[in-house]
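Biologist: I'd like to go through this one with you, step by step. Can you put it up on the screen?

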Amino acid sequence: MTPTAPAPTAPHLIDGKQTAEDIKVEIAAAVAQLTATGQRAPHLAAILVGHDGGSETYVRNKVLACERVGYDSTLLRFEDDITEADLLAQVAALNEDPAIDGFIVQLPLPKHIDAEKVIEAVRPDKDVDGFHPMNLGRMVAGLPALLPATPSGIVELMARQGIKTSGQHCVVIGRSNIVGTPVSILLAKNLDTANCTVTLCHSRTKNLREICRQADIIVAAIGRPEFVTGDMVKPGAVVIDVGTTRVTDANKKSGFTLKGDVNFAEVAPLASRITPVPGGVGPMTIAMLLLNTLRAATGAVYPKK
Ligand SMILES: NC(=O)C1=CN([C@@H]2O[C@H](COP(=O)(O)OP(=O)(O)OC[C@H]3O[C@@H](n4cnc5c(N)ncnc54)[C@H](OP(=O)(O)O)[C@@H]3O)[C@@H](O)[C@H]2O)C=CC1
Ligand SMILES: Nc1nc(=O)c2c([nH]1)NC[C@@H]1CN(c3ccc(C(=O)N[C@@H](CCC(=O)O)C(=O)O)cc3)C=[N+]21
Ligand SMILES: [Mg+2]
């Protein structure tokens with residue numbers, strides 16, 4: 001009989017926070033090199049519309065991260081009654097501003113604004129979110145592109161944590177344009193950091209539990225707290241939790257707890273490796289946004305205009 005390794009008794013956490021710190025140290029060194037040769041520091045701008053608590057936190061974290069690595073940053077804030085035309089004019093101004101290397105428009109946007117239209121208005125060489133169809137198309141085709149931050153952050157996190165992906169069956173839950181769809185494409189690519197066999201699941205998927213049980217790697221990007229339960233996870237699987245939902249919690253000073261899409265208490269004892277929330281995918285998203293900004297500033301993907 002072949003001896004089988006005992007199931008781990010303690011969760012083997014995937015430290016996204018530390019990995020993101022490592023990347024930020026590398027970026028800071030690159031910035032120091034740029035400025036030492038007389039070039040200006042990269043400059044990231046963010047547009048924030050309205051007062052959504054989560055969006056405020058993420059944008060604040062992005063601005064703080066810029067300072068940490070030595071970038072310049074600009075935050076443009078607008079009330080949620082800004083018209084679509086005015087927002088598009090702001091995008092056009094950032095497109096044309098030679099002092100701005102890259103910018104993002106924080107999502108979600110108010111309902112009266114067509115988010116697709118705004119995303120398409122961002123000049124692809126400044127689209128550090130990697131949401132523009134030009135960048136998504138180039139990514140699909142395997143051409144150099146500004147890659148979406150959360151998907152590339154997941155791939156980078158697994159690579160740096162020594163998680164084997166090649167030949168592994170990865171089940172992605174969620175097919176949004178910003179997470180589920182692009183991460184499924186990246187993980188299926190013929191790259192040393194990918195080469196997964198990918199199954200993409202969504203709200204119409206039949207037998208989701210059975211499909212998840214066949215996964216060597218689960219990527220949960222649903223936006224429903226604790227959706228992935230223990231009965232959906234094969235013992236020894238790697239579990240990547242993208243979800244970040246604020247759940248009301250009277251015991252917390254802030255009034256809420258950040259919940260992932262994975263029932264951590266049930267799944268952590270089963271998983272060989274698992275990302276915590278917070279401290280997993282979220283910090284990687286920010287690190288990859290900074291990396292995209294460096295690539296935009298240095299003309300690594302598109303020639304500087
Ligand atoms: N950590 C980070 O850096 C980031 C975290 N997030 C978080 O990730 C989560 C997902 O975000 P996002 O992709 O934008 O979410 P969306 O709401 O855009 O997409 C959710 C996806 O989940 C699917 N889904 C919903 N219910 C079910 C179900 N019962 N069974 C199977 N699939 C289901 C939907 O299916 P269908 O298409 O059929 O509707 C959809 O494809 C959120 O919590 C968000 O806050 C997002 C971005 C970055
Ligand atoms: N144009 C655009 N680009 C985005 O990249 C984008 C967006 N819109 N809209 C919302 C989602 C969500 N998102 C997160 C980024 C960082 C954390 C993050 O750093 N989370 C910390 C905790 C932060 C906290 O304390 O709330 C963590 O998980 O450890 C989470 C979520 C980016 N998004
Ligand atoms: Mg969302």
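Predicted model: local features only at pLDDT ≥ 70, side-chain atom pairs only at ≥ 80, totals over all residues.

Biologist: Where does Asn-207 lie?
Modeller: Look between two numbered elements, strand S5 (197-201) and helix H8 (208-213).

Biologist: Is Asn-207 buried or exposed?
Modeller: A residue needs over 50% relative accessible area to be called exposed. Asn-207 has 54%, so it counts as exposed.

Biologist: What is the phi of Asn-207 near?
Modeller: Asn-207 isn't a glycine, yet its phi is positive. The value is near 55°.

Biologist: And Glu-226, what does it count as in terms of relative accessibility?
Modeller: Glu-226 sits in the loop between strand S6 (217-220) and strand S7 (238-241), and it's another non-glycine with a positive phi, about 60°. Buried would need under 20% and exposed over 50%. Glu-226 has 32%, so it counts as partly exposed.

Biologist: Which residue does a cis peptide bond join to Pro-108?
Modeller: Pro-108 is in the loop between strand S3 (102-105) and helix H4 (115-121). Omega is about 0° for the bond in question, and the partner of Pro-108 is Leu-107.

Biologist: Which residue does a cis peptide bond join to Pro-278?
Modeller: Pro-278 is in the loop between strand S10 (273-274) and helix H10 (281-297). Again omega is about 0°, and the residue joined to Pro-278 is Val-277.

Biologist: Now the ligands. How much of ligand 1 does the protein bury?
Modeller: Start with the surroundings: 21 residues, with Arg-175, Ser-176, Ser-203, Thr-244 and Thr-285 the closest. Ligand 1 exposes 920 Å² when taken alone, and the protein buries 71% of that.

Biologist: Which element gives the largest share of the shell around ligand 1?
Modeller: By class, that shell has eight nonpolar, 11 polar and two charged residues. Three residues make up the largest share, and they come from H10.

Biologist: How much of ligand 2's own accessible area does the protein cover?
Modeller: Ligand 2 has 15 residues around it, including Val-105 and Asp-129 among the closest. One of its nitrogen atoms is 2.8 Å from a polar backbone atom of Leu-107, and an oxygen atom is 2.6 Å from a polar backbone atom of Gly-279. Ligand 2 has 670 Å² on its own, and the protein covers 82%.

Biologist: Which element gives the most to the shell around ligand 2?
Modeller: Two elements give two or more residues, helix H2 (53-69) and H10. The top contribution is four residues, and it comes from H2.

Conventions:
Residues numbered from 1 in each chain as written. Chains lettered and ligands numbered in written order. Heavy atoms only, no water. Buried < 20%, exposed > 50% of the residue type's maximum accessible area, 1.4 Å probe, protein only. Near = heavy atom within 4 Å. Areas by Shrake-Rupley, 256 points an atom, 1.4 Å probe, with all protein chains shown as cover. Nonpolar A, V, L, I, M, F, W, Y, C, P; charged D, E, K, R; others polar. Polar contact = N/O pair within 3.5 Å; in protein donor to acceptor, adjacent residues only side chain to side chain.
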